[in-house]
Amino acid sequence: MSDQPQLHSSIVAMVSLASGIAANHPAMGQCQLDRLRAAGVPEHQINAVIEIARHIRDEAAEKLDFSFDEKAGKVETIEVNDGESCGCSPTPSGQSCC
């Protein structure tokens, strides 16, 4: 057993919510919303987590689709170096996902 302190339950709920959304899990972390609200997490923070998770999910799907289209010869291969080491762009409202 580790001597490390456990993550706060609200952090675990946020991670679970975000990963469920990003992974297209059928339950999508619905029960985590209740836990976050019961823990007093402000709605704007919950909404930010949801927006970032959806953005990451959608960005991953676009990149996967592009990769398949590229292999199928439907799009031209392009080399892009945008200087971003993590490879993600901000959400529509400007939230950073990195």
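A: Axes here are lines fitted to C-alpha atoms, for helices over the stretch in contact, and angles run from 0 to 180 degrees between N-to-C directions. Helices (H or I, at least four residues) and strands (E, at least two) are DSSP runs, numbered from the N terminus. This is a predicted model, in which local features need pLDDT of at least 70 and side-chain atom pairs count only at pLDDT 80 or more, while totals for chains, interfaces and linings use all residues. Residues are numbered from 1 along each chain as its sequence is written, and side-chain values use heavy atoms, with hydrogens and water left out.

The part to look at is helix H2, which spans residues 30–38. The crossing of H2 and H3 is right-handed, a term used if the near helix is turned clockwise from the far one by less than a right angle, with anticlockwise being left-handed. On the H2 side the contact (heavy atoms within 4.5 Å) is made by Leu 33, Leu 36 and Arg 37, and on the H3 side by Glu 43, Ile 46 and Ile 50.

Within H2, the buried residues are Gln 32, Leu 33 and Leu 36, where buried means under 20% relative accessible area, exposed over 50%, and partly exposed in between (1.4 Å probe, protein chains only). Seen down the axis of H2, these buried residues fall within an arc of 110°, so they line one face of the helix; the arc is that of the directions from the helix axis to the C-beta atoms. What covers them includes H1 and H3, whereas on the other side of H2, Gln 30, Asp 34, Arg 35 and Ala 38 are exposed. After H2 comes Gly 40, whose phi is positive, near 85°.

The two helices named as cover also meet each other, for the axes of H1 (residues 9–22) and H3 (residues 43–71) come within 8 Å and cross at roughly 30°. This crossing of H1 and H3 is right-handed, and the residues making the contact include Met 14 and Leu 17 of H1 together with Ile 46 and Ile 50 of H3.
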